[in-house]
Amino acid sequence: MDTGKCVITDLAVVSQDTLLVCNGRELKVELVSRQTGKVLSQLKLEGWPWMVCLVGRDRAAVALSGQKVQLIKIKGNTLVNDKVLELSDDVYGITTSGDNLVVTYQEQPWLEVISTDGKVLHQFHSTGKKRYFKSPYYITTSPDGTLWVSDPGNNTITKMDASLTILQTFTSPLLEKPHGITAVTEDEILVCSLDNHSLLLLQPSTNTMSTLLGKDDGIGWPYSLTYCPQERKIFVAPRTTDSIQVFKFT
């Protein structure tokens, strides 16, 4: 990427040729060639882009500061603005659940399932004395439809169903400020352990986390990541550089 002009807050695989990248520093979302790293198309946004997810084959949704989600159309190698959804609070994470979107907030209600027209379908409020979330950031959906939420405030990964019911919570001494998260399968969840400078593999069936990649592999302050199932490649964006690292997942 352009040195000094890019802070990559999230990214998504569009095709075997392109990545969709959130450039926080310039308040843009960019379609980037995987072969050359050149920007093929870009859109200026109405806020800081925190996270992006694909909605079908030719659309994407970007979570923006300022209580908004920007929907985008992907037409070949061109990005086109679609519509803006107004939300109830400052949004951070975003993923899909069937035909709907799931977003995370920094305050109550913490999470919402919304339609692509902005209608609220489900909400999660923590009740009673137990506070389930402090800062739910990144969120992903596994192939079986399960939701996974990283919370750097609690140093936890939370598993939820499509109705936002908590199913299980995971933690580990290896998990230090988890940020980016993506699901390879329902039993292979990849997590950026930011302060531990590592990429972790969470395997829910055995309730274990292990270090998949670390400092010796060139990992430093991993902030966000995505996965390409066709090529079994992991794309990692560190917080302190303008580069995207690519690893083969075996």
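Predicted model: local features only at pLDDT ≥ 70, side-chain atom pairs only at ≥ 80, totals over all residues.

**Entry 1: Trp 221.** I found Trp 221 in the loop between β20 and β21 (222–228). Its phi is near 50°, which is positive although the residue is not glycine. I reminded myself that most residues other than glycine have a negative phi.

**Entry 2: Asn 207.** Next I checked Asn 207, another residue that is not glycine, and its phi is positive too, near 55°. I placed Asn 207 in the loop that runs between β19 (198–203) and β20 (208–213).

**Entry 3: a peptide bond.** Which kind of peptide bond joins Gln 108 and Pro 109? I found a cis bond there, with omega at about 15°. Pro 109 sits in the loop between β10 (100–105) and β11 (111–114).

**Entry 4: a sheet.** I then traced an open sheet of four strands, in the order β13-β14-β15-β16, with antiparallel pairing. Which strands stand at the edges? I found β13 (139–141) and β16 (166–170) there; each has a single partner strand, so one side of each has no neighbour in the sheet. From one strand to the next, the twist averages 20°.

**Entry 5: one pair.** Last, I followed β14 (residues 147–151) and β15 (residues 156–160), which pair in the antiparallel sense over five bridges. For Leu 147, I noted Met 160 in β15 as the bridge partner.

Conventions
Residues numbered from 1 in each chain as written. Heavy atoms only, no water. Helix = DSSP H or I, 4+ residues; strand = E, 2+ residues; numbered from the N terminus. Pairing = 2+ DSSP bridges. Axes fitted to C-alpha atoms, helices over the stretch in contact; angles between N-to-C directions.
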